[in-house]
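Morning, everyone. I'll take one protein today and go through its charged pairs. Here it is.

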Amino acid sequence: MCQSNYKPVISSIQLIGNTRTQGFILEREIHHNVNISLDSTMAIADRNRLENLGIFSEVAWKVVPLEDGSAILVFNVIFVYYSFLHVLMCFYKLFRILICT
């Protein structure tokens, strides 16, 4: 669906890849409604809000067309995986900043 004028009615919205965060936390960041035509500007803004949560290394959206002419708006999320050493170094840097100020 590379056509910029492709604006199907969104029949549902799905989040794929969420394995750690309660659904309502992500759902509150999605403002696109169902049963309206695709608004790509709103889908991009929704993607940005999900990304700004700071818990994902990647957030992408796509439209999956259905046989009845409607479509599903799908957000794919990939979590940021931090090693224990990375987390420990972040706390160390924060602690140094707090002690030095």
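Start with threonine 21. Leaving out residues up to four places away in sequence, threonine 21 touches Leu26, Ile55 and Phe79; contact means heavy atoms within 4.5 Å. Threonine 21 sits in the loop between β1 and α1 (23-27). Helices (H or I, at least four residues) and strands (E, at least two) are DSSP runs, numbered from the N terminus. Threonine 21 is buried, at 18% relative accessible area. Buried is under 20%, exposed over 50%, partly exposed in between (1.4 Å probe, protein chains only).

Now the ground rules. This is a predicted model: local features need pLDDT of at least 70, side-chain atom pairs count only at pLDDT 80 or more, and totals for chains, interfaces and linings use all residues. Residues are numbered from 1 along each chain as its sequence is written, and side-chain values use heavy atoms, without hydrogens and water.

Confidence next. pLDDT is the predictor's confidence in each residue, from 0 to 100. The protein's mean is 87. Helix α3 (residues 84-100) has the lowest mean among the elements, 69. Strand β1 (residues 10-16) has the highest, 97.

How many salt bridges? Three. The rule: a side-chain nitrogen of Lys or Arg within 4 Å of a carboxyl oxygen of Asp or Glu.

One joins aspartate 46 and arginine 49, at 2.2 Å, N to O. Aspartate 46 is buried, at 0%. Arginine 49 is partly exposed, at 24%.

Glutamate 51 pairs with arginine 47, closest N and O atoms 3.1 Å apart. Arginine 28 bridges to glutamate 29 at 3.4 Å.
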